[in-house]
Amino acid sequence: MSDLPCIHIDHTSYKYKSASENSLSDVSLTINQSDVFGLLGPNGAGKTTLISILCGIMAPSSGRVNYYNNRAEISDVNRRNFIGFVPQEYAFYQELTPRQNLDYFGAMYNLPKTKLVSRREELLEVLGLSKVADKKVETFSGGMKRRVNLAIGIIHEPGILFLDEPTVGVDVQSKNAIIRYLQEINNLGTTIVYTSHHMSEAEEFCNRIALIDNGRVIAKGVLADLLVENGVGNLQTLFIKLTGEAYRD
Amino acid sequence: MFKLYSSIRKEFLLLVNDKVGLALMFLMPLLLVFIITIIQDSAYKMVNENKIPLLVINHDGGLEGRKLVNLLAVSGLFKIDTLNELSQNSLKTELLSRGKMIALYIPQTFSDGLESNAGDVSKILMNDLGLEFDSTKQKSISLPTLSFYSDPVLQENYSYSVMGIIQSYMSVIENSLMIDRMYMTMDLGDKSSKLKDRMISNRVKIDHFVASTSNSTVIPNSTQHNVPAWTIFAMFFMVVSLGSNIVKERVNGSFLRLKTMPTSFMLVMFSKMSIYVVVAVLQVAVTFSMGIWVLPKIGLPELTIPSNFLAFVAVVFISSMAAVSYALMIGAIAKTQEQANGFGAISIIIFGAIGGILVPTFVMPGFMQFASNFSPLHWCLEGFYILFLKGGSWQELRTVLLFLGVFILICQLCTYFKLRIEKII
């Protein structure tokens with residue numbers, strides 16, 4: 001897979017109208033096409049704000065974000081065609097079945113009907129949802145709902161996938177299934193940008209990370225290099241070393 | 001097109017899964033129309049169609065009491081129930097227990113009192129004219145008093161109207177009696193009929209016209225008030241379903257997720273509005289069908305469909321749009337589903353109360369009639385009134401369409417700006 005930069009974040013800041021300080025301050029990062037890139041940090045560090053900017057939900061207060069080196073064919077509008085977003089919340093319709101949810105969101109991604117049907121059935125199968133595909137999601141366990149949430153974000157086979165804590169509150173089996181599938185699609189060429197509070201999971205899953213605290217990037221690079229540079233044995237120790245032990249609420 | 005179809009299909013699926021919302025939108029108006037129409041029908045009938053039910057106790061020993069009862073009976077205005085065996089004391093109880101609303105008590109000395117008074121008037125006239133008359137002192141009987149009883153729920157002006165009618169028949173009897181007595185005193189025998197006819201029967205007539213732009217003679221009845229009124233109420237009650245639907249999508253991040261997709265948010269809103277406008281039209285179809293086919297079968301007035309069908313469609317559409325826009329606004333403003341449901345439902349009940357849904361605005365005090373102008377439900381109902389009762393021309397509907405148009409615009413703008421603040425649009 002190509003290791004060319006696919007997202008370039010250039011001196012980006014963001015300030016919420018009601019806040020006195022920036023939620024993101026002068027963030028500069030480059031994410032490569034082959035990356036499973038971990039955006040890590042304590043609560044309120046600015047991870048979700050950065051993902052929201054990268055997905056186009058919010059525009060940065062200053063700075064800019066480029067995709068694929070600003071290739072001419074990628075406008076702001078069609079950027080949405082190659083971006084997939086899996087939010088932390090169950091952002092779908094729990095009164096509907098997984099099949100109905102995938103039909104709706106697939107259509108919103110402009111998938112033609114035949115392609116949508118084949119992709120829907122493939123995802124239901126791969127993510128272990130085939131047997132419950134016609135049951136209302138509201139009756140599902142947390143792990144099954146997470147898998148539905150993921151399936152919606154990848155139904156259109158995005159080039160870049162943003163995941164905001166995709167495994168929070170799920171059982172070990174579901175977590176394994178989700179991570180395994182994400183590794184598979186990364187091997188097939190999907191760039192993954194991921195946030196999590198599970199350090200062991202992030203250590204296993206990500207090849208490169210950025211640690212964010214108080215809206216600033218405090219460390220970034222290849223995970224293995226960062227561990228060596230900071231003289232620590234694992235990501236959790238690195239995290240505590242750089243962000244401190246004080247509670248973050 | 002596939003996108004639009006999928007979006008509308010999703011809204012449809014969400015709607016059919018919302019069983020409580022469906023019950024509120026379809027069963028509630030049917031029940032309300034059915035129950036309230038039956039309850040209000042007798043009151044509307046009393047004003048519009050039926051004879052006034054009148055309980056009469058005539059204890060008069062003479063002819064004049066019977067004459068009065070006959071005059072009231074032949075007037076066609078009253079449905080008289082005579083119970084002469086009752087005492088005046090038990091009249092109140094009988095009135096309330098028989099549901100008659102009004103009663104008239106004619107005392108024992110009624111004829112004697114009237115004749116005595118007519119004799120006195122005749123003597124004065126003969127004296128003034130210098131004519132001879134029997135001047136022997138006769139026992140004078142004081143002018144009788146009729147007793148009029150009314151149910152406390154009856155409006156005061158209605159009671160006064162009925163008393164006015166009785167009073168006018170009393171004038172006929174008294175005048176007739178005086179003329180007879182004078183002719184008798186002057187020994188003119190039975191030549192009084194010509195004068196009585198001239199004086200009593202040949203009165204100035206009043207022609208009554210129903211103010212309407214068409215030749216429609218339809219007058220309000222319980223069905224024509226309740227069917228559109230409760231349909232509008234139910235239309236606006238979609239705030240419970242649509243409003244909480246919007247809150248849910250805002251809160252769970254579905255709207256934000258859509259923002260990352262190559263789709264327009266307008267498509268989402270258009271789909272929602274389309275489905276709920278169809279719901280509103282179906283509500284009209286269901287409740288109006290009930291008014292046309294079911295209510296007449298249980299003895300209630302039939303709903304007559306207005307002749308200007310295009311205007312009818314326009315009023316249904318703009319009322320639906322007003323209800324949908326209000327629900328969108330509540331959905332955009334409320335922070336939780338509980339807020340949307342609670343505030344939405346209560347605000348509709350208040351709008352309904354001041355808008356003339358529960359009680360027609362014409363019976364409200366002046367300041368409440370003014371307040372009704374601020375209720376969108378009032379303007380929707382006004383639109384249906386113009387169609388049903390006044391043969392509704394576009395000219396008359398202009399104010400209704402204008403007000404509802406402004407209301408829709410305000411709601412849509414509030415929705416837009418609130419969603420923009422939340423960065424959903």
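## Ground rules

Residues are numbered from 1 along each chain as its sequence is written, and chains are lettered from A, ligands numbered from 1, in the order in which they are written. In this predicted model local features need pLDDT of at least 70, side-chain atom pairs count only at pLDDT 80 or more, and totals for chains, interfaces and linings use all residues.

## Chain A overall

Chain A has nine helices and nine strands. Both are DSSP runs numbered from the N terminus: helices are H or I with at least four residues, strands are E with at least two. The C-alpha trace of chain A spans about 50 × 40 × 40 Å along its principal axes. A compact globule of 249 residues would have a radius of gyration near 18 Å, and chain A agrees, with 18 Å. That radius is taken over C-alpha atoms, and the globule rule is 2.2 Å times the number of residues to the power 0.38.

Of the 249 residues of chain A, 43% count as buried. Buried means that 20 or more other C-beta atoms lie within 10 Å of the residue's own; exposed means 12 or fewer, partly exposed lies in between, and C-beta atoms are placed from the backbone. Take the contacts in chain A between residues at least 6 apart in sequence: 71% of them join residues at least 24 apart. A contact needs the two C-beta atoms, placed from the backbone, to lie within 7 Å.

## The sheet of chain A

Six strands of chain A form an open sheet with mixed pairing, in the order 5-6-7-3-8-9. Two strands pair if DSSP finds at least two bridges between them. Strand 5 (83-86) and strand 9 (216-222) of chain A stand at the edges. Each has a single partner strand, so one side of each lacks a neighbour in the sheet. From one strand to the next, the twist averages 15°. Axes here are lines fitted to C-alpha atoms, for helices over the stretch in contact, and angles run from 0 to 180 degrees between N-to-C directions.

Strand 5 runs parallel to strand 6 (residues 160-164) of chain A, and four bridges join them. I83(A) stands opposite I160(A), and V86(A) stands opposite L163(A). In a regular strand the side chains alternate between the two faces of the sheet. On strand 5 of chain A, I83(A) and F85(A) point one way, while G84(A) and V86(A) point the other way. All four are buried.

Helices pack on this sheet. Helix 1 (residues 47-55) of chain A lies across strands 3, 5, 6, 7 and 8, at about 150° to strand 6. Helix 9 (residues 235-243) of chain A touches strands 3, 8 and 9. The direction of helix 9 makes about 30° with that of strand 8 of chain A.

## Two positive phi angles

Most residues other than glycine have a negative phi. H11(A), with phi near 45°, has a positive value. H11(A) lies in strand 1 (residues 5-14) of chain A and is exposed, with 12 other C-beta atoms within 10 Å.

E157(A) also has a positive phi, near 50°. E157(A) sits in the loop between helix 5 (142-154) and strand 6 of chain A. With 16 C-beta neighbours inside 10 Å, E157(A) is partly exposed.

## Chain B overall

Chain B has 16 helices and four strands. The C-alpha atoms of chain B fill a box of roughly 110 × 45 × 40 Å, taken along the principal axes. A compact globule of 425 residues would have a radius of gyration near 22 Å, but chain B has 31 Å. Of its 425 residues, 35% count as buried. Among contacts in chain B between residues at least 6 apart in sequence, 82% join residues at least 24 apart.

## Nonpolar cores

A nonpolar core is a set of buried Ala, Val, Leu, Ile, Met, Phe, Trp, Tyr and Cys residues joined through C-beta atoms within 7 Å. The largest core has 137 residues, and F162(A), F236(B) and M238(B) have the most contacts inside it. Helix 12 (residues 309-333) of chain B gives the most to this core, with 14 residues. A second, separate core of 19 residues includes L68(B), I102(B), L104(B) and I106(B).

Not counting residues up to four places away in sequence, F162(A) touches residues including I51(A), L54(A), I83(A), F85(A) and V193(A).

## Where the chains meet

In the interface, 19 residues of chain B are in contact with 26 residues of chain A. On the chain B side, helix 1 (2-17) and helix 10 (254-259) are the elements that give two or more residues. Helix 1 of chain B gives the largest share, seven residues.

By class, this side of chain B has seven nonpolar, seven polar and five charged residues. Ala, Val, Leu, Ile, Met, Phe, Trp, Tyr, Cys and Pro count as nonpolar, Asp, Glu, Lys and Arg as charged, and the others, Gly among them, as polar.
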